[in-house]
Amino acid sequence: MLPWLDREVLIRLKKAEVYPELSPEAEDNPLEVRKALELGLARFRLLKLAQTLDRAFNTVFYNSLPVLISGKLKESLLDTAKTPLPAPYLEEKLYQALDKLPLTASDQLAQAPEMFLAVSQSEVAGVVTVPTSGSTGPAKRIFGTSADLENTEDFYYFGMRNLVNPVLCDKVALLMSGQRPGSVGYMLTRALERWPIPISVPGFPPLGQPELTQWYEELIKYAPTCLVGVPAQVLALARHELAPELNESLRTILLSGDVAPRSLVMALEEELPGTKVFLHYGQTEFGLAGAVECRYHTGPHLREADLLLEIIDQDGKRLGPGQIGEMVITSLSREAMPLIRYKTGDLAALAVGFCPCGSVFRRIQTFGRILDRICWPDGYSLPLWKISEVLYGLPGVVGFKALSPEEPDFCLKLLVKTKNEAEPVVKNELKELLKGRKWEISFQYDLLEKGQVTGKQILYKSE
Ligand SMILES: [Zn+2]
């Protein structure tokens, strides 16, 4: 039997008439089926990229690109898809086509989102606004047509199969915003209605006391079997005194909205025994659906029928599996806002090797924002995720704040929120990471006060 995401894509490949005919014997051979899927997917991606070029030509931003005006690249993609060549060759051609296209910077999108619109305003069914991270620049406005929203719903519908099952009377609680068309809450609710699986949207945990306790008690009363939330916030709930009561109903957790350090995932599974943690990666620019983990937890599988991923270094050179670089994505299905080689600003690496689930979809490991990097004047620098990895592994930690080393003393200040009465011992790894630079750590125990340090990991530039 095919892995879950592959089953969904098989239907799409057959509909697009790119899935090769298989003999009845080959249909029974998993290796032959996998090869056929890879071939069908490679053909599909060539056709979809040609379609994206067409859509991009309808936007103000891309329509003056000579490579789109001539139409030759599109023709060669369509011709390559028809050739009787094996999948690796087709994939190589696909990436060669990308080399002919320019990169798109995220601030270009933030400054003039309308320039990326490929449909009329009347066809826009959802708009999501995201603040430009780490700057005071304009917020990005991301448009989606109803087909774009449905496409994400399809991904959620299939992606949630490892987390919930109607036969087990599962119930989902979404600890994120919303009801607005285009938001995670809206699309996840609609996807789960198809099973149907009940979903409640309590939203982000409130910051004050007694609001948090009241909110938490309501959540326990609802008895969700699955939580969907932001990593650090879910950890704070797992380290709350009410956690054992919540864990009575809980089976699975989907972490989304921020990078989840390995230590945080391990801490969650330790605090909530018997609950399995799954990772999701999604960018608003691509409909909030990018990759999701299977039951083997080897890293999220990329949604490669809808996205074309590259990992590049600072010079724009494409990197291979296991190498960390910037994630660059080309949309293959977005109607309202087709994006070509969009620099996401996120650090990631393609996972090495195969997943035991047997999916044809590759996996990624993400490491947060490129700009979240702590720099000292002597040139030494450290990505924030390395600090997160150490701190979330400490017992009792529910969040932290990092203040960038700045003048006059260039001292990195870490404020750690912890529920332990005694100050946890800072592990040697932190000392080793900071290699003799000035740093200080302080602890805060008033967890329920307003201004609780949870949510997305952020590197603050000044106090
Ligand atoms: Zn897998």
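Of the 463 residues in this protein, 42% are buried. The structure you are looking at is a predicted model. It holds 15 helices and 19 strands, and its radius of gyration of 23 Å is close to the 23 Å that the globule rule gives for 463 residues, so the protein is as compact as a globular protein of that length. Here is a short tour, from the overall layout down to single residues.

**Overall layout**

- Taken along the principal axes, the C-alpha atoms fill a box of roughly 65 × 55 × 45 Å.
- The chain is divided into domain 1 (4–57 + 66–100), domain 2 (107–369) and domain 3 (373–460).

**Where domain 1 meets domain 2**

- The C-alpha centres of domain 1 and domain 2 are 26 Å apart.
- Contacts between these two domains involve 18 residues of domain 1 and 22 residues of domain 2.
- On the domain 1 side, α1 (4–15) and α3 each supply at least two of the touching residues.
- Helix α3 gives the most to that side, with 11 residues.
- Sorted by class, the side of domain 1 that touches domain 2 has 9 nonpolar, 1 polar and 8 charged residues.

**The nonpolar core**

- The largest nonpolar core has 120 residues, and those with the most contacts inside it are Leu 49, Val 172, Leu 188, Val 234, Leu 235 and Leu 268.
- Helix α3 (residues 30–57) contributes the largest share of this core, 11 residues.

**A seven-stranded sheet**

- An open sheet of 7 strands runs in the order β4-β3-β5-β6-β7-β8-β9, with mixed pairing.
- Its edge strands are β4 (199–200) and β9 (301–302), each of which pairs on one side only.
- Strands of a sheet pair through backbone hydrogen bonds, either parallel or antiparallel.
- β3 and β5 are parallel partners over 3 bridges, and Val 172 stands opposite Cys 226 in β5.
- β5 also runs parallel to strand β6 (residues 252–255), joined by 4 bridges; here Gly 229 stands opposite Leu 255 in β6.
- Next along, β6 pairs with strand β7 (residues 276–281) in the parallel sense over 4 bridges, with Thr 252 opposite Lys 276 in β7.

**Strand β5 from both sides**

- In a regular strand the side chains alternate between the two faces of the sheet.
- Both faces of β5 (residues 226–229) are covered: Cys 226 and Val 228 are buried on one side, and Leu 227 and Gly 229 are buried on the other.

**A closer look at Asn 162**

- Asn 162 sits in the loop between α8 (146–159) and β3 (172–174).
- Although it is in a loop, Asn 162 counts as buried because 21 other C-beta atoms lie within 10 Å.
- Leaving out residues up to four places away in sequence, Asn 162 touches Trp 4, Phe 278, Cys 294 and Arg 295.
- Asn 162 and Arg 295 are 133 residues apart in sequence, yet their C-alpha atoms are 6.1 Å apart in space.

Conventions. Residues numbered from 1 in each chain as written. Predicted model: local features only at pLDDT ≥ 70, side-chain atom pairs only at ≥ 80, totals over all residues. Core = buried A, V, L, I, M, F, W, Y, C linked by C-beta atoms within 7 Å. Buried ≥ 20, exposed ≤ 12 C-beta atoms within 10 Å, placed from the backbone. Rg over C-alpha atoms; globule rule 2.2 N^0.38 Å. Contact = placed C-beta atoms within 7 Å. Pairing = 2+ DSSP bridges. Domains from an automatic or database assignment. Nonpolar A, V, L, I, M, F, W, Y, C, P; charged D, E, K, R; others polar.
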